[in-house]
Structures are given as C-alpha cells and as structure tokens.
Amino acid sequence: GFVFFLLHKTKAFSYRQLTVSKSIHLLKPVQRVVFRLNFVVKAILDAGFVWYIATALKLSVASPLAFLWIVTIVSFGLFAYFTDDRSRRMHEVYVNTWIVLWLVVQLVSAWYTQNAVFFQTTTAIVVLQAVLAFGAALLKRTNAIIQFICVASLYVWLILFVQALGSLKGT
C-alpha cells in the first residue's frame with residue numbers, strides 16, 4: 001500500500017505504463033531509500049506471520065511449509081536490492097521466481113488446512129494471479145494496475161487463510 005501511495009505522489013508515474021519496480025527511476029534519492037525499506041519492513045512483519053502460521057498448524061519452523069514461507073518472505077525482502085535499476089534481466093528472473101514461489105506457498109498452505117472449500121478458493125485465486133502475472137508478462141503489458149490486482153488478491157487470500165487457520169483452532 002505504501003509504495004502505491006509513494007508512486008501516486010510521483011508526477012511522472014503512470015499506472016498503465018510503468019511497473020512498481022520501474023518507478024524507482026522517477027524517485028528522489030530519499031524516496032528511493034523509503035521505497036527499498038518498505039520491502040524490508042514488510043518481510044520482517046511477514047516473519048511474525050510465519051510464526052503465527054507455524055503455531056496454528058503446529059509446524060516445526062524447519063518443516064517444508066515453514067521453509068517455503070521463510071524463503072518467500074526473505075525473497076520479498078530482497079526486492080529492496082533487486083530493483084529494476086540494478087539489472088533488468090536479473091530483476092525479471094527474480095520477480096518470476098518469487099511469483100512461482102508465492103503461488104506454491106498459497107497452494108501448499110491451503111492443502112495444510114485440510115479445508116476443501118478453502119483449497120478450491122485458493123486454486124481459483126492462484127489461477128487468477130498466474131494468468132494475470134504471466135499473461136501480462138507474455139503480452140508485455142505488465143503494469144502497476146496488474147501488480148495492484150495481484151497484490152490485492154494476495155491480501156484477500158491472506159484474510160481467507162487466517163480465517164481457515166482460525167477454524168482449525170476452533171476459534
């Protein structure tokens with residue numbers, strides 16, 4: 001959310017023409033630091049969420065699911081370094097790898113809940129995210145609007161996931 005707010009304040013930014021990562025070229029030096037710190041802070045907050053997940057599912061932090069979550073959040077934090085201004089090709093590989101990791105995390109996490117309805121809902125959300133992300137990339141139409149929709153669907157999934165975890169605990 002904060003990154004989109006920061007970009008909205010940037011006069012030359014176009015949601016239809018640029019991606020979030022490409023916008024770093026438009027930011028002032030102080031804004032670039034804030035932009036990069038956003039990814040690190042979110043990754044730190046996500047670490048607390050992984051702890052909650054491990055507790056709710058009674059998982060060891062060394063379990064495959066917890067490991068997938070940890071790799072995914074550390075990878076997200078590394079977006080602070082792997083921005084579009086460093087190496088465009090490396091950034092694209094990194095982003096696509098993170099997307100695949102995240103899609104796998106969603107499916108495996110849903111499976112762990114043993115909730116058939118939630119698993120079906122997750123599958124639909126994952127298909128939507130994959131079609132949007134990779135479809136836009138193949139058509140060379142990736143922009144901040146597509147990214148916003150994917151991130152919004154991710155947050156919807158997280159809310160549903162917390163609800164599914166709550167039903168496991170009987171709360």
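**Exercise 1.** Determine which residues Phe161 touches, leaving out those up to four places away in sequence.

*Solution.* The structure is a predicted model, in which local features need pLDDT of at least 70, side-chain atom pairs count only at pLDDT 80 or more, and totals for chains, interfaces and linings use all residues. Residues are numbered from 1 along each chain as its sequence is written, and side-chain values use heavy atoms, without hydrogens and water. Contact means heavy atoms within 4.5 Å. By this criterion, Phe161 touches Phe49, Ile53, Trp69, Ser109, Thr113 and Phe118.

**Exercise 2.** Describe how H2 and H3 are arranged.

*Solution.* Two packed helices are described by the angle and the distance between their axes. Axes are lines fitted to C-alpha atoms over the stretch in contact, with angles from 0 to 180 degrees between N-to-C directions. The axes of H2 and H3 come within 8 Å and cross at roughly 170°. Angles over 145 degrees count as roughly antiparallel, so H2 and H3 are roughly antiparallel to each other. Among the residues that meet are Phe49 and Ile53 in H2 and Trp69 in H3.

Terms used. Helices (H or I, at least four residues) and strands (E, at least two) are DSSP runs, numbered from the N terminus. Angles under 35 degrees count as roughly parallel, over 145 as roughly antiparallel, 65 to 115 as roughly perpendicular and the rest as oblique.
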